[in-house]
Amino acid sequence: MSLSELSSWNKIRNYALSNKSKKLLDYFSNDKDRFNNFSIECDDLIFDYSKNFIDNELMQLFLNLADEIALKEKIEDMFSGMKINTTENRAVLHTALRDFATKEIILDGENIIPKIEKVRLQMKDFVSRVHSGKFLGYSSKKITNIVNIGIGGSDLGPAMVCKALAAYKIKDINIYFVSNIDPTDITDVLAKLSPENTLFIIASKTFTTQETIRNAETAKEWFLKNSGNNHSNIAKHFIALSTNKDAVTNFGISEENMFEFWDWVGGRYSLWSAIGISIALYVGYDNFEKLLLGANEIDNHFRKMPFEKNIPFIMAMLSTYYNNFMNAASYAVIPYDHYLIRFPAFLQQLDMESNGKSITKSNDKVDYNTGAIIWGEPGTNAQHSFFQLIHQGTQMIPLDFIAGVNSLNPIENHHEMLLSNYFAQTEALMNGKNEQIVQDELIKTNKTQEEIQMLLPHKVFPGSKPSNSILYKKLTPKVLGKLIVLYEHKVFVQGVIWNVNSFDQWGVELGKQLAIRILPELMNNEEINSHDDSTNGLINYYKKWKNKS
Ligand code: F6P
């Protein structure tokens, strides 16, 4: 049965219609204990969802929907290794990568746990050899510069985590990420490096991604050119993280310098696998393991907590409710923690590559909205940029506000100033400011009646803008692991509700194919007429202007 035909779904729709005129503040006046009733503490993190259009009645409808779509069973299907990625006939077992308790998960007749443990040990050993100086560069110098070359999930996860955990970095280790095929990206990075103390990590699940392989070749050429052109030195400066042994060895990296992962780890869920070696090199293997342990805590929470106390479930339900019944096409995530500057970018791939789909798992076209547009920037910068539109624009944009109670870099009252904004924004968004208050304020400024009437509507805030607040004690590797997985499972639940396959990404293929076709056309001077008129025109302008600036 299609989602639109489910009785619980239609009851949620009816609830939304009949509560259309209700303001967020109404929910507070009807419930004196609203914060306690609509927040969940999870060890060193609290999730407050009280500033949302939710009451017990709607929560019950959410729970009914969970029953009707067999969510509990679907969660178990994922954790136990069912091939839920149906279009690629793959299991989805990134959760196993951070599970230190389970000793057996059988996939295609084989226990995958020993394989995971083996690669973890290989990573631990390698990281310790680099840090201790047992693994040295070709001229016996210690490795101090790490360059991760990858794109998408082979870049965004580790890059986001390394930035987030910079306070825990190993002294003398620097990390760089090259992802873009734009030559400026690798040029900028190589300009800062010497081949003697640099380790290149070629991170690619498939090892066929055009951008990564080309960047890796450029890095190899640069390395050989600047290190005496001795190919045997490559083994001391290049490692690979991949599922594709043949392609890795063809590239010139030996098997012993390869860290394996498997097709049941999706790219955007791969930072927990060998793809995380850049993290371990940067902040130490122990901190990498703490990240995994934090992640595992939320896996257990997600699996075991009843849905009314289950944070990812509630995040997913609220976001879906706004998307499908309150016209919220986008969703903003605002970290009030500068270390999380790359978190929104990471979430964009996680969420939009997972749920930006319009064909259901039963091969029908959906007749409802799916994946929201995810965006965000750190606070308070975001406030001085796009918050105008969130407060007073015409779009409904739900938000997540994320902050740590304790700063890792305290300076006098900086952190209090940051947090006062974090608290103020969710309050302002919810309360708004009505005409009466604005008028009273303007009267006190000695303005004329005419001036007051002119200004008044511009200074009114409608309010009733919903938000979640996530507050943690301090940004540690464990807390970061928890935070990431809250969103991973949010995305999973939404995929189940919309009945889409959250683990494939066919939508990225068409552009790749066309780029492969266009590339040779750019390498000669002949006029092109094989495309539509616009594309022909642009390519021909490229040819006309090339090298003539
Ligand atoms: O183009 C999208 C994508 O396939 C992502 O899903 C993936 O994370 C990224 O490319 C990189 O892929 P790979 O790790 O195979 O190089």
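1. Start with Asn 89. In this predicted model, Asn 89 is exposed, with a relative accessible area of 52%. That value counts as exposed because the cut-off is over 50%. Asn 89 sits in the loop between H5 and strand S3 (106-107). Its phi is near 50 degrees, a positive value in a residue other than glycine. Most residues other than glycine have a negative phi.

2. Ala 70 also deserves a look. Its phi is positive, about 55 degrees, although Ala 70 is not a glycine. Ala 70 lies in the loop between helix H4 (56-68) and helix H5 (71-80). Is Ala 70 buried, partly exposed or exposed? Ala 70 is partly exposed, because its relative accessible area is 25%.

3. Next, check the peptide bond between Gly 379 and Thr 380. This bond is cis, with omega at about 10 degrees. Most peptide bonds are trans. Thr 380 belongs to the loop between strand S11 (373-375) and helix H15 (387-392).

4. Now the sheet. Strands of a sheet pair through backbone hydrogen bonds, either parallel or antiparallel. Here, 6 strands form an open sheet in the order S1-S2-S13-S12-S10-S11, and the pairing is mixed. Which strands stand at the edges? Strand S1 (39-42) and S11 do. Each has a single partner strand, so one side of each lacks a neighbour in the sheet. On average, neighbouring strands of this sheet are turned by 15 degrees against each other, direction ignored.

5. Look at one pairing in that sheet. Strand S10 (residues 330-336) runs with S11 in the parallel sense, over 3 bridges. Tyr 331 stands opposite Ile 374 in S11.

6. A polar side-chain atom of Ser 204 is 2.6 Å from a ligand oxygen. For Glu 353, an N or O atom of the side chain lies 2.8 Å from an oxygen atom of the ligand. For Gln 349, the corresponding distance between a side-chain N or O atom and a ligand oxygen is 3.2 Å. How much of the ligand does the protein bury? Taken alone, the ligand exposes 390 Å², and the protein buries 86% of that.

Terms used. Residues numbered from 1 in each chain as written. Predicted model: local features only at pLDDT ≥ 70, side-chain atom pairs only at ≥ 80, totals over all residues. Heavy atoms only, no water. Polar contact = N/O pair within 3.5 Å; in protein donor to acceptor, adjacent residues only side chain to side chain. Areas by Shrake-Rupley, 256 points an atom, 1.4 Å probe, with all protein chains shown as cover. Helix = DSSP H or I, 4+ residues; strand = E, 2+ residues; numbered from the N terminus. Buried < 20%, exposed > 50% of the residue type's maximum accessible area, 1.4 Å probe, protein only. Pairing = 2+ DSSP bridges. Axes fitted to C-alpha atoms, helices over the stretch in contact; angles between N-to-C directions.
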